[in-house]
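Subject: Structure for you to look at

Hi,

Have a look when you get a minute.

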Amino acid sequence: YGLYDYLRNSIQQLELPRRKAALIVPAFETLHYRLTFPKSKAELLSMLDMGSLYTFRYHVWPKGHAPTDYAKWRTATVPYRVAWQPDFEPYVVVRRDCPKYDQRFVGFGWNKVSHIMELDAQEYELLVLPNAFMIHMPHAPSFDISKFRLSAGYRGCLQTLREEFHQDLSRRYGAAALKYLTAERSL
C-alpha cells in the first residue's frame, strides 16, 4: 500500500533523474495462496516474525537477495547503500536511460543478475529503500523454470551465454570487470 507514492517521493528526494542509482525494493514471500497484505513496514515485520512471511527465496536462492541486508532493513529509516555481490538480483527502480536488460537472457535464468552486474559496472549506486517492500505470491512453476530444472541442454546454453556476457563486460569495462569473472569462478 502506498508504494507508488513512496517511490515517486524517493525518486525526487534522492534526485534519481540526476544520479546513477538503482533503488532496491526489498522482496518477501509467502507460502500461502491467500494473504492479508500488510499495510505498513511494522505490520510486515510482525508477519515476518510470526513466520507468515519470509525473505524472498531464502530457502532456494538466498544469495539472490541477501545483499539487501534484511537485518539492516528492519531498523533502517533512511536509504542505505549496499555493494554488488555475485548472483544479486534485487527488484529495482532505475531511470529510463539505464542499461537495458541483456536480450540473451530470456526465459529463466540470469536476466536480473546480468542487469544488476551491468548497473554495477557502470557505477550505479545500489540503494535499499527503508520503507518499501513487495511480496511474491506462490504460483505454479513457469514453463521456462521447468525447462531449466529438467534440461541439461538448457542449463548448458545458459552457461555459454553467461560466459559470453562476461567476455562482453570485459571488453566494455576492461580491468574493472574482472571482479565479476573472479566472483563467478570462485562460486
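Predicted model: local features only at pLDDT ≥ 70, side-chain atom pairs only at ≥ 80, totals over all residues.

H4 and H6 pack with their axes 11 Å apart, at an angle of about 10 degrees (axes are lines fitted to C-alpha atoms, for helices over the stretch in contact, and angles run from 0 to 180 degrees between N-to-C directions). That makes the two helices roughly parallel (under 35 degrees; over 145 would be roughly antiparallel, 65 to 115 roughly perpendicular and the rest oblique). Their crossing is right-handed, meaning that the near helix is turned clockwise from the far one by less than a right angle. Helices here are DSSP runs of H or I with at least four residues, strands are runs of E with at least two, and both are numbered from the N terminus.

Residues are numbered from 1 along each chain as its sequence is written, and side-chain values use heavy atoms, with hydrogens and water left out.

Back to the helix pair. On the H4 side, Ser114, Met117, Glu118 and Ala121 meet Phe165, His166, Leu169, Arg172 and Tyr173 of H6 (contact is heavy atoms within 4.5 Å). Those residues split into five nonpolar, two polar and two charged (nonpolar is Ala, Val, Leu, Ile, Met, Phe, Trp, Tyr, Cys and Pro; charged is Asp, Glu, Lys and Arg; the others, Gly among them, are polar).

How enclosed is H4 (residues 111-121)? Ten of its eleven residues are buried, so the rest of the structure largely encloses this helix (buried is under 20% relative accessible area, exposed over 50%, partly exposed in between, with a 1.4 Å probe and protein chains only).

- Glu118 and Arg172 meet at 2.7 Å, N to O. Glu118 lies in H4 and Arg172 in H6 (residues 152-173), so this pair ties together parts 54 residues apart in sequence. Glu118 is buried at 10%, while Arg172 is partly exposed at 44%.
- Asp120 bridges to Lys179, with the closest N and O atoms 2.8 Å apart. The link runs from H4 to helix H7 (residues 178-186), 59 residues apart. Asp120 is buried at 13%, and Lys179 is partly exposed at 40%.
- Glu89 and Lys112 meet at 3.8 Å, N to O. Glu89 sits in the loop between strand E4 (80-82) and strand E5 (91-93), 23 residues from Lys112 in H4. Glu89 has 14% relative accessibility and counts as buried; Lys112, at 17%, is buried too.

Trp110 is not a glycine, yet its phi is positive, near 75 degrees. Trp110 lies in the loop between E5 and H4 and is buried at 7% relative accessibility. Just after H4, Glu123 takes a positive phi of about 65 degrees. Glu15 has a positive phi as well, about 55 degrees, and belongs to the loop between helix H1 (3-13) and strand E1 (21-25).

Cheers

Technical notes: Salt bridge = Lys/Arg side-chain N within 4 Å of Asp/Glu carboxyl O.
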